[in-house]
Amino acid sequence: MADDPSSFTMRIDVLPLALSAGSIGLVTAVLLVLDSMVAASLIPIAYLIPIIFAAARWGIWASTLASLTAIATSDFFFFEPIYSFRVDNPQEAVDLLLFLVVALATSNLASRLRRETERSHQRERDIQHLYEFSKRLAACFTVSDLIDAIRYYLAHTLGPRAALFVASTHGNFESMPESAPTPPAVLEAVAEMMARVGATGRSVVNTPSQDIWLLRAISSETVVHGVIAINVGHGSRDTIKSRTRRIEGILEEVSLTLQRLDIGKAMDDARLHLQAELLRDAFHGTLSHELCSPLAAIQGSVSVIDTMPAVRDDERLRSLTEAISDEVTHLDGHIRNLLNATRVTAGGLTPRLEWSDPRDIVNAAVKGRARRLAAHRVENAFGDDLPLLNVDSGLIEEACGQLLENAAKYSPSGSTIAVRTRHDRGRVVISIVDQGVGITPDDQRHIGRKSFRSQRHQASIPGSGLGFWIASTFVRAHSGSIEITSRGKGLGTTASVLLPALQTSDLATIDDD
Amino acid sequence: MMTKPSNLVLLIDDEPKIRRFLRAGFEIHGFSVVEAENAAEGLKVATFNSPDLVILDLGLPDLHGSEALERLRSWSNVPVIVLSVESDEDEKVRLLQSGADDYVVKPFGMAELLARSDAALRRYFKSATENPVVTVGPLAVDLASRTVSLNNSRIKLTRKEYRLLHILAMHVGLVVTHDQLLKDIWTGNQRDNIQYLRILVRKLRQKIETDPNQPRLLITESGVGYRLENRLEPSVVD
């Protein structure tokens, strides 16, 4: 089914010419045998049969040759003087000329008819292919299905004339195995089209062979999925036009399918999003009800016991109630981490900004983690010129709390945790300095990843690895950042929360009265 | 505790295990207790038993706590303390504005709830003849003569500083929302700008706190308001 590129050129094959000449010979032989039975005036008409046949079968050149041969042989064999090309009778000369005109006109008409028939066959085939192609497209659910359909279509309709390039994962592109060998100039153009969305098509002339290549991008609104390159040869304008039309036909189908896929993808995304939302709501409900209320009951009950003089005065009993309280606080912290993590992953983190005093935030964080910090000495120092921060104080407090908890977790009991809050070149910097295990360069690379915990401590120190991730997400939501520095293993860690301090109106000097 | 032994507290909570420890905690500290497991029952008990204090859970099965609070407030000004699960500041502010006296966030300790209850009751039952001096640790605020002393020596406050301290002292132990403070102290556009309040609090802390950087008297309730503490805890910071 595939067309040969050479058929687009104006080449005249020898075989049809020989065959058409041969058919004239055959008719001549038959006429010679039947000589006495056929009237001389009918002889030229008999020749019309092979001429029309040649025209319909092999085209205008073969039939023209057949016409000339026919007139020559009939003159030679059947018109006086026989066995000579000379024509003595003027009437006969007119007959022969008339025959030539009729023969040429007939062969022209017949060959045109042949071309038309061929074209309509070709159109029929094209339509059939397009129909099959669109049927395949209808069954596409992903872009890769689509690419497969295009591949199949190109291979079956254009064969070695077409090449398909598909965007691969790492920003590169690769050509499909059955693609035509493509010249460098075309490859270059393909690379350019892959690189940017919006370039729909262009044509490239391959200088050595003078072939014209048509390039068309398969792209949705945001992504270039691939490029189709088709060698339309260097034939007449009509040929190129018809080729281009075919390619446009494919592309129209493709772009409709892409739109459908985009819509489908959007619907899938929405469905997934909704499911995630429902799951999260269920999770929230479950956490807050099924876990938080028993915890509240335990905490409340133990606190009631704790107020009893009999318990307060007994060191052993008091240490037990304190242990229960500690564990409840611990569990509560885990639940809060999970809730925070779902909140962050849901993308539902919109800070509720309010002008706040950084002192209040840091103090609340220290107070909130008081029990976890009980084994450490906490030094809490503030710079004198602290500006107000326009932040969600709850989120920043939680971030600082997470860092404090980490400091307590990864440094020995009795060591000092220093919290320093200062104003530094348009930023408020809250540094939490511990004297703990420190951070290796390897840990440094992974820190901040969700659920990362250093290999060194996984066995010895409990934790989910969510803390730092939550902290950094909360801080980033305020256009701030967290810096972790350490002089090395065993030399302590400094975690600094950096928050932009916006210029406030000059409120410090307001008149009080 | 300065509670009168006869005080009746109404617990409205659907969780039996929460009611159980609340009952124990309140009874041990001299309260009488009535319970209700939903809002409808709670409102009924509140009508017939006229409690001195209501502890209201927000997550009730029949009616949202804030709606129950509004209904209760339409005919009673009994002190109400709300139990909330989430630490949602907006929700707290809304509840305080619709008439709650204070809130505690679960999980909480009995001591904290008792302190809040105590403060709410004291404010409710304070009579005109009572001593007009509010004393918190080293700080004494005389609401009648409008004087403030720290460790028995008079300190001088600006008018706005005193106004702030006065409001907090009137609600000693209870949270007062930013909004309420701003509206009471300032006029015009300034009433909407919390930055004024933050700066004023800083200045007041400079005068009344031993360490203004680690305040123990004038406490910030993040996202909600301020509280003049009525029970001083040992500091966690050295």
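Predicted model: local features only at pLDDT ≥ 70, side-chain atom pairs only at ≥ 80, totals over all residues.
Strand β10(A) covers residues 427-433. Its covered face consists of A:Val428, A:Ile430 and A:Ile432, while A:Arg427, A:Val429, A:Ser431 and A:Val433 make up the uncovered face. β9(A) and β10(A) form a hairpin with two residues between them. In the turn, A:Arg425 has a positive phi of about 45°. β10(A) also pairs with β12(A), where A:Ser431 stands opposite A:Ser496. In general, strands of a sheet pair through backbone hydrogen bonds, either parallel or antiparallel.

| Strand pair | Sense | Bridges |
|---|---|---|
| β9(A) and β10(A) | antiparallel | seven bridges |
| β10(A) and β12(A) | antiparallel | seven bridges |
| β10(B) and β12(B) | antiparallel | three bridges |

In chain B, three strands form an open sheet with antiparallel pairing, in the order β10-β12-β11. β10 (175-177) and β11 (218-221) of chain B each have a single partner strand and stand at the edges, so one side of each is left without a neighbour in the sheet. On average, neighbouring strands of this sheet are turned by 30° against each other, direction ignored. Helix α6(B) packs on the sheet and touches β10, β11 and β12 of chain B; the direction of the helix makes about 70° with that of β12(B). Within the sheet, B:Thr177 stands opposite B:Gly225 in β12(B).

The nonpolar cores come next. The largest nonpolar core has 71 residues, and those with the most contacts inside it include B:Ile12, B:Val54 and B:Val82. Helix α8 (residues 194-208) of chain B gives the most to this core, with seven residues. Apart from this core lies another, of 36 residues, among them A:Leu389, A:Leu404, A:Ile482 and A:Ala501. Leaving aside neighbours within four places in sequence, B:Val82 is in contact with B:Leu56, B:Leu58, B:Gly65, B:Leu95, B:Ala100 and B:Tyr103. In soluble globular proteins, nonpolar side chains tend to be buried together.

Finally, the two chains meet: 35 residues of chain B are in contact with 41 residues of chain A. On the side of chain B that touches chain A, the elements giving two or more residues are α1 (16-28), α5 (110-125), α6 (159-170) and α8 of chain B. Of these, α1(B) gives the most, with seven residues. The residues of this side divide into 15 nonpolar, nine polar and eleven charged.

Methods
Residues numbered from 1 in each chain as written. Chains lettered and ligands numbered in written order. Core = buried A, V, L, I, M, F, W, Y, C linked by C-beta atoms within 7 Å. Buried ≥ 20, exposed ≤ 12 C-beta atoms within 10 Å, placed from the backbone. Helix = DSSP H or I, 4+ residues; strand = E, 2+ residues; numbered from the N terminus. Contact = placed C-beta atoms within 7 Å. Nonpolar A, V, L, I, M, F, W, Y, C, P; charged D, E, K, R; others polar. Pairing = 2+ DSSP bridges. Axes fitted to C-alpha atoms, helices over the stretch in contact; angles between N-to-C directions.
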